[in-house]
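Please read the points below with the model open.

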Amino acid sequence: MGRPDLSRRKLLTAAGGLTVAASFGFAALGTGADALASGADTRVRYWNLFSGGDGANMIAMLDAFRKANPDIDVKDSTLQWGNPFYTKLAMAAAGNRAPDLGVMHMGRVTGFSPGRLLDPWDVDLLAKYGVREQDYNPALWKRGVIDGKLYALPLDIHVQLCFYRKDVLGKAGLLGDDGRMIPVTSTDEWFDVLKKAKAVQKKGLQTIGLWTNDQNFQWWFFVAFYTQLGGKWFNDADTEVLFDTDKATQVLEFLRKHVTDGYVIPGAPTGEQFINGAPFTWEGNWSVPVFSGAKLDYGATPLPPVFGRQATHAESHAFVLPHQADRGGATDEGAHELAAYVVTHALQWAAGGHIPAYTPTLSTAAYKKLTPQNEYVSAMDHQATEPKVWFAGSTGVLAQDLGPVVVSSTMGSAKPDKVARTMKSHLTKLLASKNPMDGRTAAQGGAVV
């Protein structure tokens with residue numbers, strides 16, 4: 001695949017204007033001129049976007065790699081999460097100043113112009129260090145394959161979960177003999193569960209935290225339940241919108257009902273309310289360390305299959321190889337070895353709530369003892385993901401466009417059926433629009449497995 005002239009100026013303009021440059025700075029773009037660590041023969045420059053607990057876990061894993069591989073000097077840099085990270089990574093790849101290894105959300109890979117701003121993985125080299133396709137969930141591995149080549153090596157999946165307090169549900173008779181929340185298979189059953197929980201909960205608290213005014217969470221919840229209904233986005237060629245407004249309306253009405261029936265306090269701090277005694281909250285699995293740290297008696301399950309089919313929203317952190325004109329040699333092999341090490345030693349990563357992508361980890365005794373991780377590990381097998389198009393993915397254009405309109409329905413400022421039609425209109429415009437990275441529409445951009 002050819003590589004068009006992707007200058008820093010073009011990339012900054014595509015990201016929202018040249019003013020972005022001043023806020024990013026270029027400190028992390030390093031030239032590699034600094035000295036190698038004592039005893040090391042090879043340097044691997046690695047950029048990631050992990051902060052907080054995730055950042056601490058990643059540092060621990062990198063330190064373990066350094067100890068086991070003193071001949072490889074890992075120079076890691078943590079950059080600002082979200083679009084600032086992606087723009088900076090694109091600029092570095094376009095200017096031939098890219099790091100040797102990077103991390104991306106899987107949903108953003110298709111839009112990152114694979115073959116131009118990303119280099120493909122050498123699967124034989126990965127196998128040398130213990131990572132093979134058969135060690136992965138097939139659907140997850142497939143998401144990283146574009147035009148027949150692997151461009152994203154999954155580290156994990158992170159999912160939206162239904163967190164529940166066992167002390168409250170126990171009083172309401174909503175726990176099974178195994179001490180976990182009783183199964184829910186329809187919208188009627190779900191609202192019956194909420195009604196029973198509300199009857200025994202503390203006064204002054206909401207029954208469930210739903211992030212009603214947050215565009216990202218509302219979008220993620222919509223994706224999950226629309227997938228449960230079997231909803232489609234586009235045809236296989238990405239030339240036609242197949243979005244089902246009737247199914248979308250069902251989902252929007254379901255989300256709205258939590259507010260109209262009084263189970264949600266719009267704008268309430270969801271995590272804080274849960275810690276203080278609210279029966280439920282829907283959150284990402286990254287909240288596990290927070291709730292465990294608060295020493296709550298709680299559980300976590302994938303979002304309830306209220307429309308009859310299991311599906312919970314999922315994204316993935318994945319290792320990528322930012323484009324380098326001279327990629328190869330010992331440094332490139334070091335990048336493969338580092339990524340493979342982290343992937344195959346991800347028990348530490350699982351402590352942060354993420355589900356390791358490397359499936360042998362899931363069968364270990366140590367992982368099976370992790371709670372509540374062992375309760376929602378099944379989410380690996382029913383991931384609800386955004387369509388594989390350039391404008392999808394975490395903090396991507398699709399979420400920015402559709403998230404606010406989902407919020408307008410949930411919060412009551414727009415009717416669900418009208419919002420569903422608005423969503424279809426947005427999807428039609430996006431499908432015809434061009435990726436600013438390479439000037440091609442979704443239909444022109446490859447993404448062929």
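1. Basis of the values. The model is predicted; local features need pLDDT of at least 70, side-chain atom pairs count only at pLDDT 80 or more, and totals for chains, interfaces and linings use all residues. Residues are numbered from 1 along each chain as its sequence is written, and side-chain values use heavy atoms, with hydrogens and water left out.

2. Helices α18 and α19. Helix α18 spans residues 397-411 and helix α19 residues 416-432; their axes come within 9 Å and cross at roughly 170 degrees. This makes α18 roughly antiparallel to α19 (an angle over 145 degrees). On the α18 side the contact (heavy atoms within 4.5 Å) involves V397, L398, D401, L402, V405, V406, S408 and S409. The α19 side supplies P416, V419, T422, M423, H426, L427 and L430. By class, 10 of the contact residues are nonpolar, four polar and one charged; Ala, Val, Leu, Ile, Met, Phe, Trp, Tyr, Cys and Pro count as nonpolar, Asp, Glu, Lys and Arg as charged, and the others, Gly among them, as polar.

3. How many cavities of 30 Å³ or more does the structure hold? There are two (a cavity is a set of points on a 1 Å grid over the protein atoms alone where a 1.4 Å probe fits but cannot get out).

4. An aromatic pair. The whole structure contains 35 aromatic pairs (rings of Phe, Tyr and Trp, the last by its six-membered ring, with centres within 6.5 Å). In one of them, Y46 and F319 are tilted, at 6.0 Å centre to centre and 55 degrees between the planes; planes under 30 degrees apart count as stacked, over 60 as edge-to-face and the rest as tilted. Y46 lies in strand β1 (residues 42-48) and F319 in strand β13 (residues 317-322), so the pair links parts of the chain 273 residues apart.

5. Backbone features. Most residues other than glycine have a negative phi, and most peptide bonds are trans. W211, in the loop between β9 (208-209) and α9 (215-228), has a positive phi of about 50 degrees although it is not a glycine. A cis peptide bond, with omega about 5 degrees, joins T371 and P372; P372 is in the loop between α16 (365-368) and α17 (373-376). Helices (H or I, at least four residues) and strands (E, at least two) are DSSP runs, numbered from the N terminus.

Technical notes:
Axes fitted to C-alpha atoms, helices over the stretch in contact; angles between N-to-C directions. Parallel < 35°, antiparallel > 145°, perpendicular 65-115°, else oblique. 1 Å grid on protein atoms, 1.4 Å probe; cavity = no way out; pocket = protein on both sides within 12 Å on 5 of 7 lines; lining within 4 Å. Points joined across faces, edges and corners; volume = space filled by probe spheres on them.
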